[in-house]
Amino acid sequence: MMPALSIGIVSLVLAYVLSQFYRAFLAVLTPVLGSELGATPGDLALSSGLWFVAFAAMQIPVGRMLDRWGPRLTVALLLGIAGGAGAAVFALAQAPWHLHLAMAALGVGCAPALMGSYYILAREYPAAAFGALAGMIVGFGSLGNILGATPLVWAIESLGWRATMAGLGAATVAVALLIALTVRDPARLGADQPKGSLAEVLRIRALWFILPLFFVNYAASGAIRGLWAAPYLERVFDADAVLIGRATLAMGLAMIAGNFLVAPMVRLLGSLRRTVLIFTGATLAVMGFLVLNPQPALGVAVAMLALIGLSGAGYVLLMAHGRSFLPDHLVGRGVTFLNMISIGGVGVMQFASRPVFQAASGAFAPPTAFALLFLFFAVPLAIGFTLYFLTPEARHG
């Protein structure tokens, strides 16, 4: 039986809901930001990429802050100050560069949300329960993906996108205050424990061949759900905002389902490593289908996008696998470093996907251009998948 989660962990899950929302909501806002601010898909690719880059750049400082200050202050301060300010700038934006600034600030604010709860899980819960609990937290947190789909469309239609973003900014500050009031930091490590460093994390040989897959695993589902799903459906299938909202809702629901499947899949297969291989192989199969057939029936295309979301749950499995090699004194720096590699990979692939798509769309019809874009995400994933075979089994089952 898994241990119960505290009220403080629940408040951190709410922060992760916001983090999931902020990394994915631009897909739905693509039409309105284009018409009102003149933001092109390339502009939004840059804005989305800046969220991921800022998020990733903060992971090493967040690791130090978690070890020094604990998760309560680390998450509350960054989410309340940077996250609240980013949402306010977005609500007041008058030009695409304002969106770039807002998304970077939101990335900083969201940086410690998941890592705060992971830090507590790694320090206070049995190692064998880490993967299941981590999957549960990501599963519930992925409700942010749902909020960033059809519900966001409804809110924009009822209130307007500026009022909606202002309300989300107020909610962000409120969640930060709740964290400050409810989170209980783990006990400090004893004086006999070594301080630890990033260099020590890098010397763990078991992590070496897991890192390439960390870099590319979440990039396909994160980038496609967060940005490219909307232009794909709009340009290839002439989808409107309502249809895009429904399709991204399906993708978000699949992401949630995938995270709740993590624990039973590991129990069924008896191996974290084997489960990662199956999830990643499934993603590659779907991406390969879309490369070869980028304009199937609309229902099939939406189903393929949902399957990319489902198999993207491999992130939680990779985190549990990587965590199994970390001693207690390296948990803060270790999990944030792994998260930096994962989220940084999404940011880099977002940036790189922009010129790839621009070049492809200038030379080919939309279906072929998107086939090349899907290929761009599939090839690095295949390389990371191959190298992962060299990673040993997890130490804690």
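**Entry 1: α15 against α17**

I looked up which residues of α15 meet α17, and I found Leu-272, Arg-273, Thr-275, Val-276 and Phe-279 in α15 set against Gly-314, Leu-317, Leu-318, Ala-320 and His-321 in α17. Contact here means heavy atoms within 4.5 Å. By class I noted six nonpolar, three polar and one charged residues. The classes are as follows: Ala, Val, Leu, Ile, Met, Phe, Trp, Tyr, Cys and Pro count as nonpolar, Asp, Glu, Lys and Arg as charged, and the others, Gly among them, as polar.

The model is predicted, so local features need pLDDT of at least 70 and side-chain atom pairs count only at pLDDT 80 or more, while totals for chains, interfaces and linings use all residues. Residues are numbered from 1 along each chain as its sequence is written, and side-chain values use heavy atoms, with hydrogens and water left out.

For the geometry, I read an angle of about 155 degrees between α15 and helix α17 (residues 314–323), with the axes 9 Å apart. Axes are lines fitted to C-alpha atoms, for helices over the stretch in contact, and angles run from 0 to 180 degrees between N-to-C directions. Helices are DSSP runs (H or I, at least four residues), numbered from the N terminus. The two helices are therefore roughly antiparallel to each other; the cut-offs are under 35 degrees for roughly parallel, over 145 for roughly antiparallel, 65 to 115 for roughly perpendicular, and oblique for the rest. I logged the crossing of α15 past α17 as left-handed. A crossing is left-handed if the near helix is turned anticlockwise from the far one by less than a right angle, and right-handed if clockwise.

I stayed in α15 (residues 272–292) and took Ile-278. Ile-278 counts as partly exposed because its relative accessibility is 41%; buried means under 20% relative accessible area, exposed over 50%, partly exposed in between (1.4 Å probe, protein chains only). Leaving aside neighbours within four places in sequence, I found Ile-278 in contact with Met-265 and Leu-269. Its C-alpha is 8.7 Å from that of Ser-311, 33 residues apart in sequence.

I then turned to Met-265, which lies in helix α14. Met-265 is also partly exposed, at 21%. With neighbours within four places again left aside, Met-265 is in contact with Thr-275, Ile-278 and Phe-279. I noted 9.8 Å between the C-alpha atoms of Met-265 and Ile-278, which are 13 residues apart along the chain.

**Entry 2: the loop between α16 and α17**

I looked up Gly-312 and placed it in the loop between α16 and α17. Gly-312 is buried, with a relative accessible area of 12%. Not counting residues up to four places away in sequence, Gly-312 touches Asn-217, Ser-221 and Thr-283.

Ala-313 lies in the loop between α16 (298–311) and α17. I have Ala-313 down as buried, at 3% relative accessibility. Beyond its neighbours within four places in sequence, Ala-313 is in contact with Gly-258, Asn-259, Val-262 and Phe-279.

**Entry 3: α3 against α13**

I checked helix α3 (residues 41–57) and helix α13 (residues 211–237), whose axes come within 12 Å and cross at roughly 165 degrees. The pair is therefore roughly antiparallel, and α3 passes α13 in a right-handed crossing. On the α3 side I listed Pro-41, Leu-44, Ala-45 and Phe-52, which meet Tyr-218, Leu-227, Trp-228 and Arg-235 in α13. The classes in this contact are seven nonpolar, no polar and one charged residues.

I found Asp-238 in the loop between α13 and α14 (241–269). Phi of Asp-238 is near 55 degrees, a positive value in a residue other than glycine. Most residues other than glycine have a negative phi. Asp-238 is exposed, with a relative accessible area of 69%.

I placed Ser-353 in helix α18 (residues 331–363). Ser-353 is buried, at 0% relative accessible area. Leaving aside its neighbours within four places in sequence, Ser-353 is in contact with Trp-228, Leu-373, Phe-376 and Phe-377.

**Entry 4: confidence**

I noted a mean pLDDT of 86 for the protein chain, with 95% of its residues reaching 70 or more. pLDDT is the predictor's confidence in each residue, from 0 to 100. Confidence is lowest in helix α9 (residues 143–147), at a mean of 79, and highest in helix α5 (residues 71–91), at 96. Where pLDDT is low, the predicted coordinates should not be read in detail.
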